[in-house]
Protein chains: 2
Amino acid sequence: MNFYEKAGKKAIGSRLRQLSDRIAEDATQLYALYGTNLHPKWFPVFYVLSQGQEKTITAIAEEIGHSHPSVSKIISEMSKQQYVVEEKGKKDRRKNVVRLSAKGLEAAEKIQDQYEDVGNAIEDLSAQTNHDLWKALGEWEFLLDQKSLLQRVVAQRKLRESSLVRIVDYIPEYRSAFRELNVEWISTYFKMEEADYKSLDNPEDYILNKGGHILVALYRDEPLGVCALIKMNHPEFDYELAKMAVSPKAQGKNMGWLLGQAALDKARELGAQKVFLESNTILKPAINLYHKLGFQKITGYPSPYERSNIQMAITV
Amino acid sequence: MNFYEKAGKKAIGSRLRQLSDRIAEDATQLYALYGTNLHPKWFPVFYVLSQGQEKTITAIAEEIGHSHPSVSKIISEMSKQQYVVEEKGKKDRRKNVVRLSAKGLEAAEKIQDQYEDVGNAIEDLSAQTNHDLWKALGEWEFLLDQKSLLQRVVAQRKLRESSLVRIVDYIPEYRSAFRELNVEWISTYFKMEEADYKSLDNPEDYILNKGGHILVALYRDEPLGVCALIKMNHPEFDYELAKMAVSPKAQGKNMGWLLGQAALDKARELGAQKVFLESNTILKPAINLYHKLGFQKITGYPSPYERSNIQMAITV
DNA sequence: ATCAGTTATGTAATTAGTTACGTAATTAAT
DNA sequence: ATTAATTACGTAACTAATTACATAACTGAT
């Protein structure tokens, strides 16, 4: 069974489960061997109760990291066999306050030897290893608390995918992509306006020949994102970042960020000082992206677009 | 939730389970995120099938370390969704030979990215730890293969219990214990013989005053084991190790070994060269113990006891 | 050629947890 | 003083594995 060698660390979940099952199995036999009637799965609950005073269901659940129904079930089993007594909370009558019964206390006394032997056996085993499983588990728990495995994988995916994205300058071949990608998102959220048609149908005349610039994001050589830097005739702003559109197919590939970065680089290259943009606050992810790129909200400028309700600017 | 800190390593089973559950949960979401219809629990089965050629249910089970019903179920689920094709074995028609279908192969292709991202995420996480979880798991598996946790705990118990055993010299207070412990085991397996009554009823005259010695094993000050060194009138042997009896209550406390060792020490102290004993081969644990103490089988000496069918000796 | 034992597999029941949901009690906000 | 929201906890249904058991097919020794 060298499955783990072959499959590698992505099988760590299976591997953990298998080891824990293996240990659980031995634990079952151990409880039989030491002649208690305690159920091994009661252990965490029983242990915390034998340490301290009475506790409520949810308090126990939190302490041992189980769900509360699990604790609820275990307590009712233990209660049936009279290891614990349950009592309604005096102040808060929703609470089920649980403590060990006389029988439970006696069992707790009796189980000390077993705890000691198990503890020693595990310490002994650990002493024969080069890598400390216990500490390693602690580290994993800590790191996963900070950032879940899910988040980590998503980050890796973004990294991989964005490495497949190339940002290139516009050439006429991309005219239809430039149009379609923009039409797609605009008509999803708003209505196409007169100004849209002009620039989308003829970017050469309306953007490029007026000193603007268009960038295209290719994913595996397919144009899935675009954005434009439009030369502004304005005392304060040099360019407008506009016509930013990313295909839903390219979600999670960091394309917006890469396009934005490339556009700002280009603006700097063109000697710009300030870049302006207009958007709408219902486009939360877009606003978010602009913020991350460094744009700040500004007010008091007129707009040719109906759909614009927020304006932002950045000093590049 | 500092339960693990409090409970210590004896909670390692719970801790392993919790981490594996946590990872499994994220895995479920990951499969959804990457848009396959594969079930995360299929992973080990799917993986081995995507590696090699067709395989049978039990072969897969063995490779991934699951039970065969588990694999059987997974395969039937995968089969229902047409990821695999099942076929009766040609030579052996009991066998269910399984391989990926076209759809399965396609899914295997498509899942490569996910594998890569997960692998990288885990490698990345591992790189941030001081203690290598993956290697630690390997070490635990190896050590548990050699000696199960159960066996290790039993060994610890023996160690602890034997530390509560004291071997002391006989005093008249122990006369009845000496008698009862021997009567108990003799009459369980055999019939009491004339020679037994003599020495058990009056050990002072029949053993001690003839230059012999009696040792008593106390467990928490209760006499639960005895044995005697009887002076022999024999050209070859100096003492006979006899009347070794340990209460069933004291099982697993190493009492026989401790008594035997003490008896041999005493024999040496008394200047003996060779110690003799008689027993019966149906008493397997006893014979075993004598072997471990260093006794070797010998032949050709007459015995006063009917129940004796084996004779052993040791040069002390 | 036959019969006992072994092997491959499937089905059913069990286990130790989970999530989903409902209800009663408490607390907070008008 | 209501009403809405939150909290505590129980019940039900589900999940991913297991063990126990049944059955059919094969193998080997008479």
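Domain bounds here come from an automatic or database domain assignment. On that basis, chain A splits into domain 1 (3-132) and domain 2 (163-315). The model is predicted. The C-alpha centres of domain 1 and domain 2 of chain A are 58 Å apart. Chain A also touches chain B, with 68 residues on each side of the contact.

**Contact between chains A and B**

- Chain A contributes 68 residues to the contact, and chain B contributes 68 residues.
- On the chain A side, seven helices of chain A each give two or more residues: H1 (3-7), H2 (12-33), H3 (43-51), H4 (57-64), H7 (112-127), H8 (133-146) and H9 (149-162).
- H2(A) supplies the largest share of that side, with 16 residues.
- By residue class, the chain A side holds 31 nonpolar, 17 polar and 20 charged residues.

- Strand S3 (residues 96-100) of chain A runs antiparallel to strand S1 (residues 55-56) of chain A, and two bridges join them.
- Across from A:Thr56 stands A:Val97 of S3(A).
- S3(A) also pairs with strand S2 (residues 84-88) of chain A, in the antiparallel sense, over five bridges.
- A:Val84 has A:Leu100 in S3(A) as its bridge partner.

**The seven-stranded sheet of chain A**

- Seven strands of chain A form an open sheet in the order S4-S5-S6-S7-S8-S10-S9.
- Pairing within this sheet is mixed.
- Strand S4 (165-169) and strand S9 (296-298) of chain A are the edge strands, each pairing on one side only.
- From one strand to the next, the twist averages 30°.
- Six bridges link strand S6 (residues 222-231) of chain A to strand S7 (residues 239-246) of chain A, in the antiparallel sense.
- A:Leu229 faces its opposite number A:Leu241 in S7(A).

**Helix packing on the sheet**

- Helix H14 (residues 284-293) of chain A packs on the sheet.
- H14 of chain A touches strand S8 (274-279) and strand S10 (310-315) of chain A.
- The direction of H14 makes about 165° with that of S8(A).

Terms used: Residues numbered from 1 in each chain as written. Chains lettered and ligands numbered in written order. Predicted model: local features only at pLDDT ≥ 70, side-chain atom pairs only at ≥ 80, totals over all residues. Contact = placed C-beta atoms within 7 Å. Helix = DSSP H or I, 4+ residues; strand = E, 2+ residues; numbered from the N terminus. Nonpolar A, V, L, I, M, F, W, Y, C, P; charged D, E, K, R; others polar. Pairing = 2+ DSSP bridges. Axes fitted to C-alpha atoms, helices over the stretch in contact; angles between N-to-C directions.
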